[in-house]
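Open your viewer and keep the selection tool ready. We will go from stop to stop, with a short note at each one.

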Amino acid sequence: MTRASTPSYASDDERFMARALELGRLGNPSPNPHVGALLVRGGQIIGEGYHERAGQEHAEIAAMRAAGDDVAGATLYVTLEPCNHLGRTPPCTEAIIAAKIARVVIGTRDPNPNVPGNGIERLRAAGIEVVEGVATADAVRLIAPWSKCVTTGLPYVSLKLALSLDGRIATRTGESKWVTGATARQRVHALRAAHDAVAIGIGTEIADDPLLTVRDTPGVSPLRVVFDTKLRTPVHARLVETASEYPTWIFCSVDAQRTLEEPLTSRGVEVIRSQSSAEGRIDVTTALRLLASRGIVTVMVEGGAELGGSMLAARLVDELHCFIAPILLGPRGRPGAVDWAGPDSPSEAPRIATPAWELCGEDAYVHGPLVYPEK
């Protein structure tokens with residue numbers, strides 16, 4: 001067993017920015033981005049902060065408050081360019097200038113095209129030294145979901161798959177509980193807690209009657225979404241019976257029977273009518289845009305094969321989470337974790353760019369950002 005090496009940094013700026021990135025991973029600020037910040041004077045950290053929730057103080061302000069009243073002459077490390085506009089909170093640039101902070105080190109510029117920017121330029125105009133390009137790749141990764149949402153109008157999509165060694169998702173009788181073990185299921189609950197919404201198709205709803213809440217790990221249950229073209233969701237489904245407690249939306253086609261809607265809405269489900277694709281299913285791109293317009297930044301697709309396949313075919317999946325159980329379900333087991341035409345050759349296949357492999361109990365877990373070959 002080898003010891004974990006201590007990270008080495010080329011400069012103090014890199015070391016302090018690494019800590020700011022650690023802070024930035026905390027909190028649940030959606031639909032705002034994750035941001036971390038800290039203040040340093042004389043080589044010592046005097047205040048730390050992060051953006052905990054939307055509407056609450058930004059990371060820079062939290063760090064300044066933690067440092068106390070006197071931060072003049074200090075260096076501020078922040079993972080994202082300070083805001084220069086009035087939103088739900090005042091502009092951070094003005095607070096930084098008023099505090100007489102001497103130097104600001106920034107991980108990445110703000111990519112949001114929808115708000116007046118120029119935070120860096122405002123700070124420089126006030127005589128503050130601004131340093132860019134420190135741990136930029138990590139800072140960009142930190143805000144990747146939010147960045148995609150504000151620049152494309154689409155949420156960041158994670159696809160979760162659970163399958164056997166021979167690529168089956170259920171036995172020949174359709175039994176799928178449980179392909180993977182308890183530790184893997186606990187990790188899935190943690191993934192749910194890290195997303196704004198979790199989505200399934202109607203096939204998974206009818207076959208598994210899932211609850212889709214966070215139970216085996218700390219965290220808040222996400223919005224639950226069902227893609228149900230013809231409104232076949234049973235009124236006695238657990239998702240429907242708990243809709244007053246956990247927000248639940250169902251996407252159906254514009255011509256789904258109106259008489260099927262009221263029994264669902266009367267129990268607290270929100271039914272959203274959406275455009276259908278040429279195949280007669282809910283058009284996933286349109287549905288995702290609707291989710292983004294309602295403040296949903298991250299979505300985890302948890303099943304089934306048709307919904308996952310539609311997302312892959314449309315190149316909408318940004319991240320893959322695959323749990324592989326050390327079992328064989330046989331050639332007559334339910335094949336295909338995703339139902340789509342797929343590539344003509346392995347070189348044309350989407351793949352995890354930098355796969356991370358680990359064990360979850362007895363199951364293998366591989367995850368990472370998904371990349372698509374050029375068309």
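Helices here are DSSP runs of H or I with at least four residues, strands are runs of E with at least two, and both are numbered from the N terminus.

Before going on, a word on the model. This is a predicted model, in which local features need pLDDT of at least 70 and side-chain atom pairs count only at pLDDT 80 or more, while totals for chains, interfaces and linings use all residues. Residues are numbered from 1 along each chain as its sequence is written, and side-chain values use heavy atoms, with hydrogens and water left out.

**Stop 1: the whole chain**

Zoom out and show the cartoon. The protein chain has 12 helices and 17 strands. Its C-alpha atoms fill a box of roughly 70 × 55 × 40 Å along the principal axes.

Now colour by burial. Of the 375 residues, 45% are buried. Buried means under 20% relative accessible area, exposed means over 50%, and partly exposed is in between (1.4 Å probe, protein chains only).

Look at contacts next, meaning heavy atoms within 4.5 Å. Among contacts between residues at least 6 apart in sequence, 70% join residues at least 24 apart.

**Stop 2: around helix α12**

Go back to R315. This residue lies in the loop between α12 and β13. R315 is not a glycine, although its phi is positive. At 33% relative accessibility, R315 counts as partly exposed.

Select residues 305–313, which form helix α12. Which residues of this helix are buried? They are L307, G308, G309, S310, M311 and L312. Show what covers them: the cover includes β6 (156–164), β8 (197–201), β9, α11 (284–293), β12 (298–303) and β17.

G304 is in the loop between β12 and α12. A cis peptide bond joins G303 and G304, with omega about 0°.

**Stop 3: stacked rings**

Show the aromatic side chains. How many aromatic pairs does a search of the whole structure find? The search finds 3. Rings of Phe, Tyr and Trp (its six-membered ring) pair if their centres lie within 6.5 Å; planes under 30 degrees apart count as stacked, over 60 as edge-to-face and the rest as tilted.

Select F227 and F251. Their ring centres are 5.5 Å apart and their planes meet at 25°, so this pair is stacked. F227 belongs to strand β9 (residues 223–227) and F251 to strand β10 (residues 248–253), so the pair ties together parts 24 residues apart in sequence. F227 is buried at 7% relative accessibility, and F251 is buried at 0%.

Next, select F323 and Y365. Here the ring centres are 4.2 Å apart and the planes are at 0°, so this pair is stacked. F323 sits in strand β13 (residues 319–325) and Y365 in strand β17 (residues 363–371), 42 residues apart. F323 is buried, with a relative accessible area of 1%. Y365 is buried too, at 2%.

Stay on F323 and show its contacts. Leaving aside neighbours within four places in sequence, they include K160, L161, A162, L163, T180 and Y365. Then draw a line to A126: the two C-alpha atoms are separated by 52 Å.

**Stop 4: a buried lysine**

Select K148 in helix α6 (residues 144–152). Is K148 buried or exposed? At 16% relative accessibility, K148 counts as buried. Beyond residues up to four places away, K148 touches G153, L154, P155, Y156, V157, L316 and D318.

**Stop 5**

Select S30 and P31. A cis peptide bond joins them, with omega about 10°. P31 is in the loop between α1 (12–24) and β1 (36–41).

Finish at L212. This residue is in the loop between α8 (202–208) and β9. L212 is buried, at 3% relative accessibility.
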